[in-house]
Amino acid sequence: MGKFLNFIKSVLSSYEFFFTAVIIFYELFFHFLRFEAVSGDIAGIVFLSIAFGSAAGIVTSFLKDKGKVIYTIIVLVVIYLFFVAHLMYSHVFNSYLSISGVGGMTGQAFTNFGDLIWSAFVAKLPVILIWLIPIIFYAVIGRKIIYKGKRKPVAYSLEALFLMIFTFYIYLFFIVTGKGDDSAYAMLKNYDSVERSVQRLGVIRTTFLDAEYGIKRATGNEKKEAEFAEQTYVPEFDMETTTVTEATTAESKSTEATTEATTEEATIDMSPNTLDIDFEAVNAAANSGAVTSINEYLQNAQCTNRNEYTGMFEGYNTIFIVAEGFDGFVIDQKLTPTLYKMTHQGFWFKNFYTPLWYGSTSGGEYADLVGLMPRNGGYLSMNKVGSTGAYMPFTLCNQSKRNGYNTFGFHDNYYDYYNRNVSHPKLGYDNWLGIGNGMEYEKNAGGGVLWPQSDLFMEQNTFDIYKDEEPFHVYYLTVSGHVQYNFGGNAMSARHKDIVEDLPYSDGTKAYIACQYELELMLTALLEDLEKEGIADHTVIALVADHVPYGNKEIVDELSGKMLDNTFGWYKNTFILYSEGMDHGVPIDKVCMSLDVLPTLSNLLGFDYDSRMLAGQDILSGNEGLVIMNDGSFITDRCRYNSNTGQVDGDVPDEYIDYYKNVVKNKKNMSDMILVNNYYKYIKDYIPGEDEE
């Protein structure tokens, strides 16, 4: 009995036990803070913590007493700072830190997010102070009671052997407890989501996976092939799409076309919205297993068909707006009459969602402009477009250029923020202007630069550039709705404080409404300028958010009048699609998302594109609606599936859920593989109007 007690005492006083306890403390604390629940993932995270703690402790066996103390303090401080950084990042961006993905953007992040980072530090100060306990404990007590003596070589050899065996059993545990696409084992096998990896494996194991992926990418060993799931079961779906009323058609089509439509019933082209591609010839020319696997998937992927809306806006000028931090709950008939009119008198998408993609604005902008799912960690997809010079033929700008449009892009922040000066010309925006290469700062009376800048000021200083360049495609990336939302640090909120003072909301929500009011003024001025130039009736305006106001869920809750759920409700939003000629709104009940914006506009403008090669789908087609969240959860017109809990809301068979889980997986893999392999260049010869290189 005495020997056993001595053994227990030696274990409890070992560095291995101490480091294990410290890592478990941080991992579980972080897990409960972010996920607010005990789940089956806890066991796996604890096992991994034991492995990491034991490994860290074994190192002390090779050090002298003073070396043990110095080493331990260094490790404790590194772990502490490591978790604080993750805590701050997750609080600010409602996402998780991927060093290989956002490491190069740190300087720019501090430029625009410095105040927000400080606010996050203050908000999380109690946790940050509590997390100092292991360091304080070791400095005051731990280094005195933890065993410092030397062990025989056989002792730590046995420890190392135990650690290897234990690690093997950890992986066996993950295999036994589940091998599904959302499982911990799947994250270990294929790191493709920093969010799911943090939840399933913990912060430290995710960081190792992230570093491993970053090294592979840097050395050219990035995975370029993916396994696409077979989809033998296809659920039947029959949805009657909302038709455009005669009055709307008369206003939005030419007089001649309207006359023909009223005299005889036109035959609607319902053929597939695809390109005539010889995939076998592409395979032969590419001589690449990755390209072959993508082609095999695309040939069998679901497409959307042309429909009664195809070409409705053919030849129209287009103004595409990605609105910073915009949330549809801010729209009010009295306070924001222009936003209200454009929402309800255009195509009115009642169940539109803006998922929060990795990289916040960069990821949201990528989804909006490119129509593919951004990668969830490892790299910023928009940056990769620029760094690799990827060919992107289906962006609205590049499609517009092939159809004879003059194209322009404007941003009221630095033109090279997130390296957009490199990526956006690949999207078609050769005329990409921002602050630093043609755009000017708006300044206050004392000559100080305002932050954030004014969207209205941007419109007033750019409209004359393109008004006489019909047909034109214009892209506006706004910034007035940028965090943080207060009246002291947000110039746009302060500017419009008087109009929100009497609203029945908290100061944060008032400040959010006030800064978004600058977008209302921009749109009002834009409609007035288009009308003045006589081009409003053949110009279509599309507005979509880059993301909801992440890190400020309480604002969205307050505006919506209820506590929204974290998986779906928080991300419900508004997509504005409007032309001045549309006097009557066209309500659309189908669920839809930001990935659907590009294919929907492509169809309305009558562009030739391949609907199989975009992650979203034409909302106005007859296909069932689908919303994909960044964590793999999804919504269809018949159900909701939460990938984190496995919960299904809706009366659907298991085969239906399995089918859409595979659809989500395949769209993610397709998006990754198209970008990693620069796939679109292999089909360039099959794109109508594209010049040969």
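Visitor: In which helix is Val198 found?

Guide: This is a predicted model, in which local features need pLDDT of at least 70, side-chain atom pairs count only at pLDDT 80 or more, and totals for chains, interfaces and linings use all residues. Residues are numbered from 1 along each chain as its sequence is written, and side-chain values use heavy atoms, with hydrogens and water left out. Helices (H or I, at least four residues) and strands (E, at least two) are DSSP runs numbered from the N terminus. Val198 is found in helix α11.

Visitor: Is Val198 buried or exposed?

Guide: Buried means under 20% relative accessible area, exposed means over 50%, and partly exposed lies in between (1.4 Å probe, protein chains only). The relative accessible area of Val198 is 2%, so this residue is buried.

Visitor: Which residues does Val198 touch, not counting those up to four places away in sequence?

Guide: Contact means heavy atoms within 4.5 Å. Leaving out residues up to four places away in sequence, Val198 touches Phe30, Phe35, Ile45, Tyr96, Val203 and Thr206.

Visitor: At what angle do the axes of α3 and α11 cross?

Guide: Axes are lines fitted to C-alpha atoms, for helices over the stretch in contact, with angles from 0 to 180 degrees between N-to-C directions. Those of α3 (residues 41-59) and α11 come within 7 Å, and they cross at roughly 80 degrees.

Visitor: How is α3 placed relative to α11?

Guide: Angles under 35 degrees count as roughly parallel, over 145 as roughly antiparallel, 65 to 115 as roughly perpendicular and the rest as oblique. The crossing at roughly 80 degrees makes α3 and α11 roughly perpendicular.

Visitor: Which residues of α11 make the contact with α3?

Guide: On the α3 side, the contact is made by Asp41, Ile45 and Leu48. Its partners in α11 are Val198, Gln199, Arg200 and Leu201.

Visitor: How many charged residues does the contact of α26 with α27 have?

Guide: Helix α26 (residues 507-532) packs against α27 (residues 553-560) at about 85 degrees, with the axes 9 Å apart. Gly508, Thr509, Tyr512 and Ile513 of α26 meet Ile555, Glu558 and Leu559 of α27. Ala, Val, Leu, Ile, Met, Phe, Trp, Tyr, Cys and Pro count as nonpolar, Asp, Glu, Lys and Arg as charged, and the others, Gly among them, as polar. By class, four residues are nonpolar, two are polar, and the number of charged residues is one.

Visitor: What kind of aromatic pair do Tyr191 and Tyr213 form?

Guide: Rings of Phe, Tyr and Trp (its six-membered ring) pair if their centres lie within 6.5 Å; planes under 30 degrees apart are stacked, over 60 edge-to-face and the rest tilted. The count by this rule is 48 aromatic pairs. In the pair of Tyr191 and Tyr213, the ring centres are 6.3 Å apart and the planes lie at 65 degrees, so the pair is edge-to-face.

Visitor: How many residues apart in sequence are the parts that this pair ties together?

Guide: Tyr191 and Tyr213 are both buried. Tyr191 lies in the loop between α10 (184-189) and α11 (194-201), and Tyr213 in helix α12 (residues 203-218), so the parts tied together are separated in sequence by 22 residues.

Visitor: Which charged residue lies over the face of Tyr213?

Guide: A charge sits over a ring if NZ of Lys or CZ of Arg is within 6 Å of the ring centre and within 35 degrees of the ring normal. At 4.2 Å from the ring centre of Tyr213 lies Arg375.
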